[in-house]
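Trainee: I would like to go through the labels used for this model and check each against its cut-off.
Mentor: Ask about them one at a time.

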Amino acid sequence: MITGELKNKIDGLWDIFAAGGLVNPLDVIEQITYLMFIRDLDDSDNLRAKEAAMLGLPYQSIFADEVQIGERVIDGQQLKWSVFHDFPAGKMYTVMQEWVFPFIKNLHGDKNSAYSRYMDDAIFKLPTPLLLSKVVDSLDEIYKLMNESQAVDVRGDTYEYLLSKIAQSGLNGQFRTPRHIIKMMVELMDPKADEIICDPACGTSGFLVAAGEYLKENRREEIFFNKQKKDHYMNHMFHGYDMDRTMLRIGAMNMMTHGIDNPFIEYRDSLSDQNPDKEKYSLILANPPFKGSLDADTVSADLLKVCKTKKTELLFITLFLRMLRVGGRCACIVPDGVLFGSSTAHKDIRKEIIDGNRLEAVISMPSGVFKPYAGVSTAILIFTKTGHGGTDKVWFYDMKADGFSLDDKRSPVAENDIPDIIARFNNLEAEASRERTEQSFFVDKQEIVDNDYDLSINKYKKTEYVAVEYPPTSEIMVKLRELEAEIAKNMDELEVLLNG
């Protein structure tokens with residue numbers, strides 16, 4: 001969560017826009033995102049140049065030498081934030097409007113590139129040089145504070161705080177998945193260098209960014225010292241779809257500033273016939289919308305064949321199974337109702353995962369995880385697409401703490417089950433002897449089937465009752481009489497004092 005000076009600076013930036021006449025939250029967030037991307041572009045270019053120098057590899061800066069903008073050829077250095085932010089307001093405004101924006105709109109020179117898909121209709125909307133100058137100064141201060149911050153994901157938190165200011169946020173069932181939950185899910189799935197990863201409801205691309213960072217940390221040599229694997233990582237590994245163009249832009253920029261050159265982030269209604277993907281992905285990571293309007297007429301017919309419903313959370317699970325290739329894995333967040341709902345559609349999708357594929361784990365999360373946005377209880381489902389069953393026993397974990405208080409404040413606390421969840425999931429053989437009274441345990445498939453495919457942990461968890469021995473009634477009565485006599489004595493003494 002953003003607090004203190006950084007929060008005040010972001011609020012101040014928002015006020016600068018309002019004072020300058022830009023009050024539509026969507027316009028403000030888009031303009032801030034463009035400017036953050038322009039600044040990040042400079043930072044990441046410098047960082048990658050340094051990395052290449054350390055590794056002894058050649059590197060061509062995107063700001064190298066001269067750059068063609070329309071019919072003009074200009075010095076690429078003038079497009080760098082670190083250069084133009086020192087220009088007088090009037091010159092900076094001209095450079096931004098006439099050079100920098102056209103430059104970033106055609107960054108890859110390829111009209112089919114990821115970037116041009118989101119930037120083609122990008123418009124520079126800051127009305128005056130003075131407003132631009134104030135915004136640039138304010139962003140410099142925000143970046144300074146972000147760089148000084150010890151928070152692990154200060155960038156993600158800054159984006160989140162910016163997004164929380166959009167009044168419309170949440171209308172389509174969207175709310176940001178906490179980064180530590182995303183990180184846990186990525187660690188549980190342990191992505192490999194040859195994955196094709198998808199989030200069909202990607203929002204700001206949190207899952208894809210986290211998967212990219214995980215691979216960078218854990219498979220750096222395998223990917224970055226192999227030309228083909230590096231090309232796959234940069235251009236073919238990451239796919240994300242969303243129906244909100246602002247989210248797509250932020251998500252795409254988020255990925256590219258994390259060093260992924262050409263993510264496939266596209267405007268698409270994943271549940272409709274717009275989405276032809278079948279048996280394409282090896283890994284799906286998602287937190288699909290739990291609510292929101294759904295036009296039943298646009299839902300793809302093959303999804304309704306498996307699960308006839310208007311509930312988006314059930315249709316998305318059906319979609320994941322369709323999009324995964326055989327052997328592909330999925331970790332997704334679902335509302336608790338998916339685990340025990342009694343409608344035909346609820347039972348059908350659980351039956352499909354358990355009987356038709358291989359359900360591996362159900363991690364039950366406490367209801368405060370998504371506060372302050374929502375108090376809904378959720379769980380993480382982990383399953384593999386086999387197309388012919390394979391569920392033998394299912395691992396259940398009852399997460400009680402995630403390192404933050406479970407109220408609206410979400411303050412850091414010592415209690416945190418996440419390291420335990422990851423350690424146990426990576427050593428499931430040792431879980432076989434765990435009792436149902438413990439936080440994690442296995443349940444045989446047949447028992448789940450006998451319970452109408454119910455996946456709620458409380459159905460299988462056993463509570464340990466400890467016998468408490470009380471003294472006999474006669475002894476309690478004697479004690480009560482003694483207490484009564486003592487009270488009477490004290491009352492008498494008090495009365496003497498008052499009347500004395």
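Trainee: Why is Ser205 called buried?
Mentor: Ser205 has 0% relative accessibility. Buried means under 20% relative accessible area, exposed over 50%, and partly exposed in between, with a 1.4 Å probe and protein chains only. Ser205 at 0% therefore counts as buried. This is a predicted model, in which local features need pLDDT of at least 70, side-chain atom pairs count only at pLDDT 80 or more, and totals for chains, interfaces and linings use all residues. Residues are numbered from 1 along each chain as its sequence is written, and side-chain values use heavy atoms, with hydrogens and water left out.

Trainee: Where is Ser205, and what is its phi?
Mentor: Ser205 lies in the loop between β3 and α9 (206-218). Its phi is near 70°, a positive value in a residue other than glycine. Asp190 also has a positive phi, near 45°, and sits in the loop between α8 (179-189) and β3 (197-199).

Trainee: What makes Asp190 buried, partly exposed or exposed?
Mentor: The relative accessible area of Asp190 is 24%, so Asp190 is partly exposed.

Trainee: How are the helices and strands named, and how many does the chain have?
Mentor: Helices (H or I, at least four residues) and strands (E, at least two) are DSSP runs numbered from the N terminus. The protein chain has 19 helices and 13 strands. Its C-alpha atoms fill a box of roughly 100 × 80 × 50 Å along the principal axes, and buried residues make up 51% of its 500 residues.

Trainee: What makes the contact of Glu447 with Arg436 a salt bridge?
Mentor: A salt bridge is a side-chain nitrogen of Lys or Arg within 4 Å of a carboxyl oxygen of Asp or Glu. The closest N and O atoms of Glu447 and Arg436 are 2.8 Å apart, and the pair forms a salt bridge. Glu447 is in helix α18 and Arg436 in the loop between α17 (418-425) and β13 (440-444), 11 residues apart, so the pair is one that links distant parts of the chain. Glu447 is partly exposed at 28% relative accessible area, while Arg436, at 17%, counts as buried.

Trainee: Which residues are joined by salt bridges that share partners?
Mentor: Asp420, Arg424, Glu431, Arg434 and Glu438 form one such network. Glu431 is buried, at a relative accessible area of 2%, and Arg434 is buried at 18%.

Trainee: How do you know that Lys461 and Asp398 form a salt bridge?
Mentor: Their closest N and O atoms are 3.9 Å apart, and the pair forms a salt bridge. The two are 63 residues apart, with Lys461 in the loop between α18 (445-450) and α19 and Asp398 in strand β10 (residues 393-398). Asp398 has a relative accessible area of 14% and is therefore buried. The structure holds 29 salt bridges.

Trainee: What makes a space a cavity, and how many of 30 Å³ or more are there?
Mentor: On a 1 Å grid over the protein atoms alone, a cavity is a set of points where a 1.4 Å probe fits but cannot get out, and lining residues have an atom within 4 Å of a point.

Trainee: Which residues line the largest cavity?
Mentor: Its lining consists of Ile10, Leu13, Ile32, Met36, Leu139, Ile142, Thr158 and Leu162. At least two lining residues come from each of α1 (4-19), α2 (25-55), α6 (129-148) and α7 (154-163).

Trainee: Why is Leu498 called exposed?
Mentor: Leu498 is called exposed because its relative accessible area is 68%. Leu498 is in helix α19 (residues 473-499).

Key: 1 Å grid on protein atoms, 1.4 Å probe; cavity = no way out; pocket = protein on both sides within 12 Å on 5 of 7 lines; lining within 4 Å.
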